[in-house]
Amino acid sequence: MNPWIFVGLFFVVGLLIPVGAIGIAWLLGPKKPNPIKQSVYECGIETVGESWVQFKAQYYIFALVFLVFDVETVFLFPWAVKLGALGLFAVIEGIIFILILVAGLVYTWRKGMLEWA
Amino acid sequence: MIPVEYYIILSAILFAIGVAGVLVRRNALIIFMSIELMLNSANLAIVAFSSVLKSFSGQVFVFFVIAVAAAEVAVGLALMVEIFKAKHSIDVDQMNSLKG
Amino acid sequence: MNLTSQDYQVLAPYILLTAWACVLLLVDLFIPKERKSVTALLAALGLAVTLGVTLSQVGIEQVGFFNMAALDGFSTFVNALLLVSGILGIALAHGYVKRMGIERGEYYTLLLFSVSGMMLMAQATDLIIVFIALELLSIPLYVLAAFARPQLSSEEAGMKYFLLGAFATGFVVYGTALVFGATGTTSLAGIVAAAASPSTSTLLLTIGAALVLVGFGFKVAAVPFHMWTPDVYQGAPTAVTAFMASGAKIAGFAALLRVFATAFPALAVDMTAVLWALAALTMIVGNVIAISQTDIKRMLAYSSIAHAGYILMAFVPYGNPAVRDVSIAAGLFYLVAYAFTNFGAWGVVIALEKKEEKGLAIADYAGLGRKHPLLAAAMTVFMLSLVGLPPTLGLVGKVYLFRAVIAGGFTGLAIIGVLTSLISAYYYLRVVVTMYMKEGEPETVRETWLSLTTALTAIVTVVFSLLPQSLFEWASTAVLKLF
């Protein structure tokens with residue numbers, strides 16, 4: 001039998017369950033709409049002001065710094081896997097790599113980008 | 001086992017969608033997302049090829065592409081935030097302060 | 001598998017410059033705001049030391065890092081030119097950023113990183129390294145283009161450069177992926193070997209090479225991939241534009257040259273026609289649109305597009321072993337001529353530029369000949385060199401180029417080159433006419449480094465044109481061992 005049939009089956013069943021649940025609720029539930037019921041639901045409290053508030057730009061710099069450092073770790077995985085075979089040389093290379101990242105961190109720090117205020 | 005051609009065709013389709021997105025859409029953020037799609041379609045192709053060829057250099061290349069793409073994201077988003085602060089829009093058609 | 005000191009020798013200049021840039025980034029944090037000249041000086045010193053190391057390597061030929069990077073005459077020649085461009089770029093920028101109120105230490109660090117990317121580009125013999133070098137040179141340039149923030153025009157220039165540059169990167173990466181799929185390797189030498197075997201898919205290889213060509217076409221601003229150039233060159237701070245116009249072009253052509261000449265000679269039959277069309281289109285479109293420009297920065301931007309076309313001419317016969325050496329040497333020579341002329345011309349533009357993008361219209365040059373005869377004389381030299389008139393380096397460069405292209409059997413292309421040069425005389429000489437024949441009261445700034453750079457480039461442009469043989473011979477030896 002083609003193994004793809006299971007994937008197809010999974011897809012169909014996965015689709016049927018939410019459709020079934022919503023459909024039954026729609027069939028059995030009472031329908032008495034009023035303005036309060038139809039208002040936009042946001043944690044039970046009415047929205048105050050615009051949703052287009054500006055966040056402090058500091059947060060996004062945080063995110064960007066995190067993003068860059070986060071992604072650089074992909075290079076450490078293959079390095080860590082092969083470390084035993086490569087020996088001391090690889091350790092030094094790894095330290096240099098991390099030192100370069102640290103230089104970036106020191107730079108961000110000195111520039112005051114890590115202050116949470 | 002899915003034949004490698006499928007991956008290559010998928011990656012070609014993704015690449016074409018990315019190129020079309022860059023050419024058609026006018027929002028800088030969406031253009032940038034399309035560019036990311038192009039890069040990732042290339043990643044898909046490289047990984048597919050390197051699994052067929054049993055070659056690791058391709059997979060390492062993908063790491064480099066991912067890391068460089070992240071650096072690009074950092075620069076690009078910073079630029080977009082700056083422009084959005086000034087103009088409240090990142091529509092590339094409205095970037096018209098440069099004219100001959 | 002271990003690396004030896006030989007490996008490090010191959011990339012010694014590059015490693016030195018990158019380390020210098022990293023340290024400078026940190027040192028700059030402790031230099032007070034009003035003394036950023038120290039950073040500029042340290043950056044220039046780094047470039048000078050690296051130039052010394054590079055020149056000490058003349059004559060050494062070896063590969064390193066598992067065939068991923070090469071040190072040869074070609075890379076030494078291009079790297080020396082790039083490092084000189086970097087020093088000139090700092091000399092032009094030093095006073096300019098101060099005057100425009102955008103002086104930050106990062107300017108010089110970013111410039112160093114960009115130069116190191118360009119150098120790696122000239123040494124890369126593996127498509128993975130080509131890609132990394134491309135990004136290392138581009139990303140700092142995106143930031144530099146937007147360096148005059150919060151000035152909107154500069155930010156927009158950075159944005160446009162970024163979007164189009166990233167778009168081009170997408171093409172390069174996908175092209176590399178297809179080449180990798182076709183040949184099973186990303187090493188340039190490996191690609192040649194694989195391309196010779198009949199089991200390799202030529203279709204995949206050709207599409208891959210074409211996509212890589214499109215990506216580099218964007219980088220060197222060849223028509224029809226040039227749309228970003230005028231806007232970016234106009235919006236970016238002028239000192240950045242000067243550096244970008246020479247540095248990015250030199251590096252782009254160096255990579256194009258090495259990748260196509262060493263990895264894709266088998267595709268020369270298909271590629272020659274494409275390159276022919278690209279070169280012809282670039283020369284025609286660049287020169288024709290430049291005529292209608294009234295802003296000097298935009299005019300020089302179109303001029304730089306046109307010059308990309310002239311340099312592309314040198315690549316057209318790359319598949320013909322009889323002439324490729326001499327034509328590529330001619331291309332390298334033209335890059336040198338263009339780099340010096342370009343820095344000089346932008347230096348004059350910087351001398352006349354005032355805050356808020358004033359003093360950039362060609363009409364603002366009226367009366368310069370009477371008021372500042374030396375500056376006007378220098379500008380005249382640069383304009384003559386860009387047209388290709390005596391007694392300048394531009395003429396010698398064009399003569400070598402046209403001779404090589406005709407020897408390769410592309411007489412039609414040479415004729416287009418000569419005709420477009422004639423067209424270009426109109427708009428370059430218009431600047432000269434404005435300077436000497438029209439009345440006006442131009443204001444210029446006097447900065448030691450700026451004046452020195454302009455004077456030096458003017459002298460080089462004239463003097464080297466009188467004794468071009470030695471420079472051309474160096475360019476020829478640079479190419480000789482490439483294949």
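Helices (H or I, at least four residues) and strands (E, at least two) are DSSP runs, numbered from the N terminus. With that in hand, here are some exercises to work through beside the structure.

This is a predicted model, in which local features need pLDDT of at least 70, side-chain atom pairs count only at pLDDT 80 or more, and totals for chains, interfaces and linings use all residues. Residues are numbered from 1 along each chain as its sequence is written, while chains are lettered from A and ligands numbered from 1 in the order in which they are written.

**Exercise 1. Cis peptide bonds**

Find the loop that holds C:Pro391, then look at the peptide bond joining C:Pro390 and C:Pro391.

Step 1. C:Pro391 sits in the loop between α16 (373-387) and α17 (393-407) of chain C.

Step 2. The bond joining C:Pro390 and C:Pro391 is cis, with omega about 0°.

Step 3. Now try another case: a cis peptide bond also joins C:Val223 and C:Pro224, with omega about 5°. C:Pro224 is in the loop between α9 (202-220) and α10 of chain C.

**Exercise 2. Positive phi in a loop**

What are the phi values of C:Phe66 and C:Asn67, and is each residue buried, partly exposed or exposed?

Step 1. Read phi. C:Phe66 has a positive phi of about 55° although it is not a glycine. For C:Asn67, also a residue other than glycine, phi is positive and near 65°.

Step 2. Apply the burial rule: with C-beta atoms placed from the backbone, a residue is buried if 20 or more other C-beta atoms lie within 10 Å of its own, exposed if 12 or fewer, and partly exposed in between. C:Phe66 has 12 C-beta neighbours inside 10 Å, so it counts as exposed. C:Asn67 has 14, so it counts as partly exposed.

**Exercise 3. Covered and uncovered helices**

How many residues of α10 (residues 228-235) of chain C are buried, and how many of α4 (residues 76-86) of chain A?

Step 1. In α10(C), eight of its eight residues are buried, and the helix is mostly covered. Among them are C:Trp228, C:Asp231 and C:Tyr233.

Step 2. Ask what they meet. The buried residues of α10(C) pack against α6 (127-145), α7 (152-183), α11 and α13 of chain C. Here, two residues are in contact if their C-beta atoms, placed from the backbone, lie within 7 Å.

Step 3. Turn to α4(A): the count of buried residues among its 11 residues is zero, so to speak hardly covered. Just after α4(A), A:Gly87 takes a positive phi of about 75°.

Step 4. Chain A has five helices and zero strands.

**Exercise 4. A kinked helix**

Describe the span, bend and burial of helix α11 (residues 238-263) of chain C.

Step 1. α11(C) has 26 residues and reaches 36 Å from its first C-alpha to its last, close to the 38 Å expected at 1.5 Å a residue. The expected span is 1.5 Å times one less than the number of residues.

Step 2. A kink of about 25° is centred on C:Met244. The bend at a residue is the angle between axes fitted to the seven residues ending there and the seven starting there.

Step 3. Because 25 of its 26 residues are buried, α11(C) is largely enclosed by the rest of the structure.

**Exercise 5. One buried alanine**

Which residues does C:Ala306 touch, not counting residues up to four places away in sequence?

Step 1. C:Ala306 lies in helix α13 (residues 296-313) of chain C and is buried, with 26 other C-beta atoms within 10 Å.

Step 2. C:Ala306 touches C:Thr282, C:Met283, C:Gly286, C:Asn287, C:Ala290, C:Thr420 and C:Ser424.

Step 3. Check one pair: C:Ala306 and C:Thr282 are 24 residues apart along the chain, yet their C-alpha atoms are separated by 5.7 Å.
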